[in-house]
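Keep the structure in view while reading.

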Amino acid sequence: MQTVSPPATGEWSPLDATIVTVWRLALGFGLGPPAIGAAVLGAILLSAWRWIPAAVALVMVPAGVWWYPRARYRRWRWCLGDLALDLEYGVLVRRRESIPYFRIQQIDVTRGPLARALGLAALDVTTASASGGASLPGLDAALAPVLRQELLQRTAARAAGTEADDAV
């Protein structure tokens, strides 16, 4: 059996590529039925050319379901830094979050039914800050508990550290 270990400190890591499938299915099930309903109702209830926007939506939704999750995956990465867990993500609006270890209060490993079926998990990190925390999706199911343990160790080490760490 292969041992899983977290990446080295300062090394940026991508999500597991299988997360693209999860995001596509979630987006497809969320947007597909309304788009189909709008197109059908537009064809039935509207005269001649006024149903064309609904038909365009019916074409655009599958294109978005195919493109957006892949673009989202390419822009997601995370890193265990010296003082914080760093996350970078966002397709249209790029975000960079740093979650200082000394602020971490709770770390949960979550696995929905689709993620379980595809061997994925997410880490939900709750912090002592106004933002409340962050989520790191698309982790290999074997890596998630190892990463959770590593974050707990780093959190404990920071809690035992000096007050100077609070300046992060």
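The sections below take up the helix, the core and the hairpin in turn. The model is predicted.

## Helix α4

Helix α4 has 17 residues, 143-159.

Six residues are named as buried in α4: L143, A144, L147, L151, R154 and T155. These residues cover an arc of only 105° around the axis, which means that they lie on the same side of α4. The cover over the buried residues of α4 includes the strands β2 (77-80), β3 (84-89), β5 (104-110), β6 (120-127) and β7 (133-140).

In soluble globular proteins, nonpolar side chains tend to be buried together. The largest nonpolar core here has 28 residues, and those that touch the most other members are W78, L85, L87 and L136. Two or more residues of this core come from each of α1 (19-45), β2, β3, β5, β6, β7 and α4.

Which residues does L85 touch, not counting those up to four places away in sequence? Its contacts are W78, C79, L80, E97, S98, I99, Y101, V125 and L151. Among them, L151 is one of the buried residues of α4.

Strands β6 and β7 pair in the antiparallel sense, with six bridges. Opposite D124 stands S135 in β7.

Five residues lie between the strands of this hairpin. In the hairpin, G132 has a positive phi near 90°.

Technical notes:
Residues numbered from 1 in each chain as written. Predicted model: local features only at pLDDT ≥ 70, side-chain atom pairs only at ≥ 80, totals over all residues. Heavy atoms only, no water. Helix = DSSP H or I, 4+ residues; strand = E, 2+ residues; numbered from the N terminus. Expected span 1.5 Å × (residues − 1). Buried < 20%, exposed > 50% of the residue type's maximum accessible area, 1.4 Å probe, protein only. Arc of directions from axis to C-beta. Contact = heavy atoms within 4.5 Å. Core = buried A, V, L, I, M, F, W, Y, C linked by side-chain atoms within 4.5 Å. Pairing = 2+ DSSP bridges.
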